[in-house]
Amino acid sequence: MLQGKNAIVTGSYQGIGKEVASKFVLEGANVVLIDLNEKITETALELQNLNGEAKIVSIQKDLSNVGLIPEIIDEIKQHFNSVDILVNNAGIYRTENISDITEESWDQVFNINLKTTFFLSKEIVKLMMENESGCILNLSSVAGKKGRPYGAHYAASKAAVISVTKSFAEAYGQYGIRTNALCPGIIRTSMIESIINNRSALENKTTGEIEQQYLDKIPLNKLGTPEDVGQFAAVICSDYSSYINGQAINVCGGFETD
Ligand SMILES: NC(=O)c1ccc[n+]([C@@H]2O[C@H](COP(=O)([O-])OP(=O)(O)OC[C@H]3O[C@@H](n4cnc5c(N)ncnc54)[C@H](O)[C@@H]3O)[C@@H](O)[C@H]2O)c1
């Protein structure tokens with residue numbers, strides 16, 4: 001499905017990003033993994049074992065610092081002549097009541113979730129324009145279509161990711177570059193495990209009760225898996241989705257229907 005494509009996946013040490021990158025490699029893509037975690041090299045080795053033919057490159061960088069983007073672009077250019085796919089997946093959640101959100105916490109969430117998504121895309125799209133084709137996939141969230149009483153900054157950042165997605169789709173569609181947002185619901189990763197633990201403390205409920213609250217709102221009656229998101233990301237970034245542009249698509253088991 002993605003044979004010979006060159007893809008970049010941010011936040012790919014673990015969770016959804018790792019699974020997206022794995023699916024890409026299994027579908028024949030070469031992948032640049034970017035993550036803060038120094039063990040990103042171990043993830044790269046795991047992915048290499050999935051497909052010995054694929055070129056896998058890992059870059060360890062803190063993506064909340066947009067000043068590092070020129071270095072990242074230089075490193076990508078050392079390995080690949082062109083870029084076909086960018087997945088802006090790296091993100092953080094802070095479980096905080098509105099009254100507890102500080103300016104520092106707001107900025108941390110917005111830097112990685114929104115600012116880097118915008119500024120990295122702004123540079124990568126220049127490389128895509130050289131080939132008049134490309135696909136940008138931004139990880140938003142169903143939270144970006146609603147709100148979150150325990151993560152108002154997170155929800156706002158993910159709403160803004162949808163807006164940036166639509167702006168890129170309108171600006172660069174004429175160059176054959178598709179930009180879409182993927183909005184996961186409740187996906188079992190370390191991010192969701194820590195949200196469940198933190199909400200349990202804030203709301204004085206057991207983790208089982210918090211998980212049940214989610215399940216009560218999910219018609220498929222189960223939490224999602226990184227595989228659920230990874231396999232759909234591969235479809236959106238492939239030519240099977242050649243007419244999908246400017247959309248914010250939920251992968252949530254029916255948790256959100258707008
Ligand atoms: N898990 C869910 O239920 C869910 C739901 C909706 C949206 N999302 C979104 O999906 C994306 C992935 O979430 P996840 O659940 O896999 O999270 P996760 O915490 O399991 O993984 C996030 C990855 O991003 C990396 N990362 C974080 N900050 C970074 C930084 N400053 N620089 C470089 N790398 C950084 C981490 O090291 C980690 O590898 C996020 O954007 C998240 O907001 C997740």
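Good morning. Asparagine 6 is buried, with a relative accessible area of 10%; buried means under 20%, with a 1.4 Å probe and protein chains only. This is a predicted model, in which local features need pLDDT of at least 70, side-chain atom pairs count only at pLDDT 80 or more, and totals for chains, interfaces and linings use all residues. Residues are numbered from 1 along each chain as its sequence is written, and side-chain values use heavy atoms, with hydrogens and water left out.

Asparagine 6 lies in strand β1, residues 6–10 (strands are DSSP runs of E, at least two residues; helices are runs of H or I, at least four; both are numbered from the N terminus). Beyond its neighbours within four places in sequence, asparagine 6 has contacts with Asn30, Phe80, Ser82, Val83, Asp84 and Ile85, where contact means heavy atoms within 4.5 Å.

I turn now to the helices. Two packed helices are described by the angle between their axes and the distance between the axes. The axes of α6 (residues 190–203) and α7 (residues 207–216) come within 8 Å and cross at roughly 110 degrees; axes are lines fitted to C-alpha atoms, for helices over the stretch in contact, and angles run from 0 to 180 degrees between N-to-C directions. Therefore α6 and α7 are roughly perpendicular to each other (65 to 115 degrees).

Helix α3 (residues 69–79) and helix α4 (residues 103–131) have axes that come within 10 Å and cross at roughly 35 degrees. On the α3 side, Ile69, Ile73, Ile76 and Lys77 make the contact, and on the α4 side, Phe119, Leu120, Glu123, Ile124 and Leu127.

Technical notes. Angles under 35 degrees count as roughly parallel, over 145 as roughly antiparallel, 65 to 115 as roughly perpendicular and the rest as oblique. Buried means under 20% relative accessible area, exposed over 50%, partly exposed in between (1.4 Å probe, protein chains only).
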